[in-house]
Structures are given as structure tokens and as C-alpha cells.
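Try each task yourself before you read its solution.

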Amino acid sequence: MNKTIRRASVFCLLMVLALLVRATWVQGYEARALADDEHNRRNTIAQYAQPLGDIIVAGSPVTGSKETDDDDLRYKRTYGQGELYAAVTGYSSQAYGATQLEGIYSDVLDGTDDRLGSPTDLLTGKQADPGAVVTTIDPDVQKAGFEALGDDRGAAVAMDPVSGRILGMVSSPSYDPSTISGTTDGDAWQKLLAAKDKPLVNRALRQPLAPGSTFKLVVASAALENGLYDSVDTPTDSPNPYTLPGTTTVLSNESASAPCENATLRTALQYSCNNVFAKAAADLGQDKVKEMADAFGFDTEKLDVPVRASESVYPTGMDKAQTALTGIGQFEVTATPMQMAMVSAALANGGELAAPHMVSKVTDSGGTALQTYEDGDTERVVSESTAEQLRSAMVTVVEEGTGTNARVDGAEVGGKTGTAQNGVDNSNTPYAWFTSYAKDDSTGKQVAVAVIVEDSGSARSEVSGNGLAAPIAQKMMAAALGR
């Protein structure tokens, strides 16, 4: 054979082999990555080729689908009560993707999850009927929180302390996900992105802020668990006024006439005495306070409910004065409403924290469960004795102290108010907090709630946990107890 022809033949053979290897590599190893690539329009076409499965609240769908005029994207997502449930569902948009439950369970809801199809479907590539996501949300609790928050900027979470089921999750201002579910909703999308109050942010889970005096429940727990004080009715060693260690800064109390000098933990919670809890935190030291905070769920990087909550933080590397400030929920302590609901829930549940979750099961189109989330998966946070004592002190707060607006007729209600500084030298409007629990012994129903009002438009002098946040918690607790 001519030498030139032979070389050309070998070269062509090598080229063919290279093409075969590349084709095999693409089909065998890169196929999944290419199929899952966000720029692959086929995924979006498949997602919206049929009506989406629904997100269910109390047996009824809060989502739907509407046929469009688009030949490729035949259906788009609709929401019957979009603003009410946006903090639960998130959004599913043909143009902007999906978030929260819509995003986490997108494969189930669009029918592409491998668990939905029969073996024949898997072989033929036929898309299965979509499944559904069944939530733990109580529509009465959700509505009560949504209406009570109104136009205030803030958030609220309610959960069952025993099961961990999230009964309500509200973030305000809200938005209607239907307005951004299509491909021609650019103006609505840009308006949401530009909004000063950030309605797309789920404040209940994704915006940790200074918890203020609600954090005193964590410090009180640490004081009892570490033997700093024998009981909630033991006098403390708490001078008033209290000077932060190593400084000349005097820490004042909200009420100069409150009996805060050497007050018991019960009295200190009742009047929200800063001197008692700042000194307790300094005496305990940051390591012991952090250990207790972490037991309640602080500093957890992956708190999935199943939507991931932002990390609530108890800081480290502090001096004694800074540690004292953390005792009143200031300095660099941050918490989400979800986290502060968990604090009250653990105390209400005898010191055991049930894992919070807002999905009970994921099903196929016929209702058969593909995945279930167990109730009552608990971890011990504090002893039963500590929990019982702090519940008693929280009841005192509601019956005789700073939380009177949280009372629910015929129910045991305990709570803790908080007013957290905001901005340099507290230059901005303070945050109003309230965390609480309620139980009805006649029915066995229980609920734990946390509320933050970031801004209600009220004058600074009118901002308080009892005035702004407690009434919202009261409405949610009453709804959860059926009152």
C-alpha cells in the first residue's frame, strides 16, 4: 500500500476512534450533567409539559396549573391564595426557577422523579403523572398570623411542641407567586427585586436578627442547668445598676422602678431585668451559654424544615463585657423566628426539642407515600425540672408581667417579650419580639410561637414586644387551640 495512503488511513481511523470515545463519554458519563444543566431548555419544557402536582394544606391544594398559549411551556403554576402561603410554597416560575417547597420537590411536582414512573415508563422515557407535597400547615393558624401581621414588616412561626409539626409560617410583606410564574412577568419580577422591604425573603427562616430579651430564656436555662442558681425563685447576685465587666458602661433596665436588684429569675423574666441576665451570662462564661444556645439549635448550619433556615448565631471570642451583652440577646447574637419558636417549644415539651418540619409526606399521583417525615423525633435540651420551672416563670410573664397581651382564655400561656436594638447606637427602630407557648389541658392541644415585628410604622416609644408582637402570637395560639 502506498505509504501516504497508509498514513492517511491510520489518521482517519484514529479520528473515528476519537469520535467514538468522545460520543461514548458524552452519552455514558456526561449525559446526566448535560440533562441537569440549568441552560438545557428541555428540562423547563418537560417541567411544564403537563399540569404540576400540588402542595396540600389540610387536605386541599393551595396551588394549581393553568394552560398557556405557549407550544413548549404548555402549563404554568397558579396560586389560589398566593400571598397567604408564599412563605410556605415559595414560587415556581418558567423564567426564574423555583424556591422553597416548589424547588425542593420540583421533580415530584413535575413528574420527573424516578420514584413516580413504572419500569416501563423508565424504559420508554414516558413522563409520569406528578406527585404531591402534603404539608403540616394549619390553615386557621396561617390565616391568623397573616392577618395579624397585616402591613407590618416581620414574621411569625407556630409549631406543635410535641410533634415538631410547623402549623404556621408567615412573612410580611408577602407576594403573590402567580405574578411571576410565566415567561412574560419581567416587570413584576424586577419590582419584587427592587422592593425596599424584600418580599421575596422568607423572614421566618432566612433573616436572623438580634433576639433581644427573648434570649433570656436561653440564659435562664443555662443558669439552672449549670447550677448557677438552684431554682427560678432563688435570689440572684445581681447589682442594680450593673456595670459591664472591665468597663465604665452602666447597663440600665427598661423600668427604673422594677424590682431588679438581686431579683430571682422569675422576677427577672417578669420585668425583663437586664442586670440579672447580663451578669448571669458573664458569670457563666461564653462557653456555657454557647453550649446551651447550641442545644436549642443555635449555630446549626443545616436546619432543614425541609426548607433550609439561616443559621442563628451565638458568637465566640468575646471579652466578659461582650458576653454580658449576649445575656440580653444583643452584641452579635442573632436568631430567626423559627429558632425562637424552637426555644419555647423545647420548654413546653418538658425540655425535649422535637425536630421542626412543615412537610408530613410526599406522595405519588395515587396518594401512595414516597417519603414521610416522622413526628416527635426529639433531643433532650434541658431537664424536665428546668423546663417546668421556666414554663412557670413564663406564665408569670403573661399573667403579671410584660406579656399580658398574649393571654388566651381557658389556656395556660407562657411567654417572653423582647425589644432588640437595631442599628449603630440603636439608631433605627427597635425590633419587637415575642416567643411563647400555650396548652389546653382539656383537649391536649399545644402550640409554640415566635413573632418578630421589624417595623410597624409605630413611633420608637411605642415599640415593645407586648404591644406589637404578643397580640400576633395570641391570635396564632388561639387559632391553634381552636379558640
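**Exercise 1.** Find the order of the five strands in the open sheet that has antiparallel pairing.

*Solution.* Step 1: the order is E9-E8-E20-E19-E18, and the pairing is antiparallel. Strands here are DSSP runs of E with at least two residues, helices are runs of H or I with at least four, and both are numbered from the N terminus. Two strands count as paired if DSSP finds at least two bridges between them.

Step 1: look at the edges, where strand E9 (166-172) and strand E18 (412-420) each pair on one side only.

Step 2: from one strand to the next, the twist averages 10°. Such angles run from 0 to 180 degrees between N-to-C directions, with axes being lines fitted to C-alpha atoms, for helices over the stretch in contact.

Step 3: zoom in on E8 and E9, which pair in the antiparallel sense over six bridges. Alanine 156 stands opposite valine 170 in E9.

Before going on, please note that this is a predicted model, in which local features need pLDDT of at least 70 and side-chain atom pairs count only at pLDDT 80 or more, while totals for chains, interfaces and linings use all residues. Residues are numbered from 1 along each chain as its sequence is written, and side-chain values use heavy atoms, leaving out hydrogens and water.

**Exercise 2.** Work out which parts of the chain the salt bridge of arginine 153 and glutamate 454 ties together.

*Solution.* Step 1: the two side chains meet at 3.3 Å, N to O. A salt bridge is a side-chain nitrogen of Lys or Arg within 4 Å of a carboxyl oxygen of Asp or Glu.

Step 1: arginine 153 lies in strand E8 (residues 153-159) and glutamate 454 in strand E20 (residues 446-455), so the bridge ties together parts 301 residues apart in sequence.

Step 2: glutamate 454 counts as buried because its relative accessibility is 5%. Buried means under 20% relative accessible area, exposed over 50%, and partly exposed in between (1.4 Å probe, protein chains only).

Step 3: widen the view to a network of salt bridges that links Arg153, Asp197, Arg203, Glu454 and Asp455. A search of the whole structure finds 18 salt bridges.

**Exercise 3.** Is glutamate 102, the salt-bridge partner of arginine 77, buried or exposed?

*Solution.* Step 1: the closest N and O atoms of glutamate 102 and arginine 77 are 2.9 Å apart. Glutamate 102 sits in helix H5 (residues 100-104) and arginine 77 in strand E4 (residues 75-79), distant parts of the chain 25 residues apart.

Step 1: glutamate 102 is buried, and arginine 77 is too.

Step 2: for contrast, take the salt bridge of aspartate 113 and arginine 115, with closest N and O atoms 3.1 Å apart. Aspartate 113 is buried at 15% relative accessible area, whereas arginine 115 is partly exposed at 41%.

**Exercise 4.** Locate the disulfide and say which loops hold its cysteines.

*Solution.* Step 1: the count comes to one disulfide, a pair of cysteine sulfur atoms within 2.5 Å. Cysteine 260 is joined to cysteine 273, S to S 2.1 Å.

Step 1: cysteine 260 lies in the loop between strand E11 (250-251) and helix H12 (265-271), and cysteine 273 in the loop between H12 and helix H13 (274-284), so the pair ties together parts 13 residues apart in sequence.

Step 2: the link of cysteine 260 and cysteine 273 is left-handed, with -75° about the S-S bond. Both cysteine 260 and cysteine 273 are buried.
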